[in-house]
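This report looks at charged side-chain pairs and at one helix packing contact. The sequence and the structure come first.

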Amino acid sequence: MAARLQFNRDVMIENISSMDRVVEERGRSRRIPIVIAAVVLLVVFVVTLPAATRWFRAERSVDASSLRYATVTRGDLVRDLTVQGRVVAALSPTLFSTGPGIVTLTSRPGADVRQGEILATIDSKELQAALDQANAQLLSMRADLSRQRIEGRQSHLRAMQLVELHTLRHAAAQRQLERVSLLAKEGLTNQTELETAQDNVRIVAMELDQARSERTLSGETAGFESATVEQQLRRQESVVAELEKRVESLALRAPFDGQVAAYSVADSDAVAASQPIVQVVNLSSLEIEIALPEAYGNETPLGTSAVVSFQGRDYPGHVTSVAPEVVNSQVLARVTFEGGRPEGLRQNQRLTTRLTFESKHDVLKVTRGAFVDAGGGRAAWVVDGKMATRREIETGAFSAGEIEIRQGLSEGEVIVVSDTAPFGDAKTVMLR
């Protein structure tokens, strides 16, 4: 009985031991996946930790597909400006009517004309009548001047005659005084007669002096009156000359060899004085009129190099004039061709003109974009993977498509060149 129990106990012990070993193997098999999962989680945590750190550090997130990027490079930068220009004639005067009347056109728009050729005539009855009246008044003034000169000579002759008469009287009075003085010395006459003779001499001398003064004044008066009439005559001659010019200019003539641009009136129209009639252009002096942005007005000195594109070719030129005023935020300037203008140009034709202000070599540069306006040219967003970080920069010269970078960026760095207004004041932005 005891042996059987011992046997059973031994059997039971063996069975329990075997069971314990099985349970241990199952525990180990369960721990392996747990360890592997933990290792995987650890690896994922280590890998994603920088991204997560950046994500939590970012102050804002922006859709990356809505942005435009550019790489900072090194090279040459040409500071230029491309604008649309309009072909204009440097000489394009407008001829005006010099008086009211009926106009007769003798040419047509687009016709080539020679200097002095009549382009239009104006039949002005009013102006012709004014000229006739002025001529009549001029003739009357000339007659008045002649009459004044004759009267002056007559007055002068009368004054001369009076002086000579008083001279004779003075001489006679002197002889009478001498005779009376001799008789008085011999006692043949009294003192009264002597004094009377002396008084006569003094009276005649006074009359002689008065006659001489009147002769002088008569000459001065005649000269003054003649000069006054002569001045009136010269003024009237000027009036007549001006009217003659106006009547002569009723025939509008071409001031130079050129082309009729346009008529402002129709044939047989009634026109007023100073009304525009016809515009003439000198095709040998065609220039390009360009409208510069206001900011470039002071940066465009006379002589600035320009290139005009026409029919697939570039023609060199330079700036000849810059307007002193700003109109609608633009400054008008003129560009003339160097070495002859291209054939086939037409007035008011639109052409592309490029102005070159400055050329720089071996500088850091980046594509021009809206980020300059958003940050005032003082900040840029540097892209590193999925993050964009704000950085202070200093810009230099601007060209039509590039910007010089003086400080803040290095060659090869990528920045956001599109509008960075969505970034706001954030220092770092996550690019989704």
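At what angle do helix 2 and helix 3 pack, and how far apart are their axes? This is a predicted model, in which local features need pLDDT of at least 70 and side-chain atom pairs count only at pLDDT 80 or more, while totals for chains, interfaces and linings use all residues. Residues are numbered from 1 along each chain as its sequence is written, and side-chain values use heavy atoms, with hydrogens and water left out.

**Helix packing**

Helix 2, spanning residues 125-186, packs against helix 3, spanning residues 191-248, at an angle of about 170°, and their axes lie 7 Å apart. Helices (H or I, at least four residues) and strands (E, at least two) are DSSP runs numbered from the N terminus, and the axes are lines fitted to C-alpha atoms, for helices over the stretch in contact, with angles running from 0 to 180 degrees between N-to-C directions. Helix 2 is therefore roughly antiparallel to helix 3, a term that applies to angles over 145 degrees. The residues of this contact divide into 29 nonpolar, 19 polar and 14 charged, where Ala, Val, Leu, Ile, Met, Phe, Trp, Tyr, Cys and Pro count as nonpolar, Asp, Glu, Lys and Arg as charged, and the others, Gly among them, as polar.

**Salt bridges**

The structure holds 15 salt bridges, each defined as a side-chain nitrogen of Lys or Arg within 4 Å of a carboxyl oxygen of Asp or Glu. Three of these pairs are set out here.

| Pair | N to O distance |
|---|---|
| Arg74 and Asp362 | 3.8 Å |
| Glu289 and Arg86 | 2.6 Å |
| Asp123 and Lys125 | 3.7 Å |

The bridge between Arg74 and Asp362 links distant parts of the chain, with Arg74 in strand 3 (residues 73-89) and Asp362 in strand 16 (residues 350-367), 288 residues apart. Arg74 is partly exposed at a relative accessible area of 40%, whereas Asp362 counts as exposed at 52%; here buried means under 20% relative accessible area, exposed over 50%, and partly exposed in between, with a 1.4 Å probe and protein chains only.

In the pair of Glu289 and Arg86, the partners again come from distant parts of the chain, Glu289 in strand 12 (residues 286-293) and Arg86 in strand 3, 203 residues apart. Glu289 counts as buried at 18% relative accessibility, while Arg86 is partly exposed at 25%.

For the pair of Asp123 and Lys125, Asp123 is partly exposed with a relative accessible area of 43%, and Lys125 counts as exposed at 62%. Elsewhere, salt bridges that share partners join Arg86, Glu287, Glu289 and Arg334 into one network.

Key: Parallel < 35°, antiparallel > 145°, perpendicular 65-115°, else oblique.
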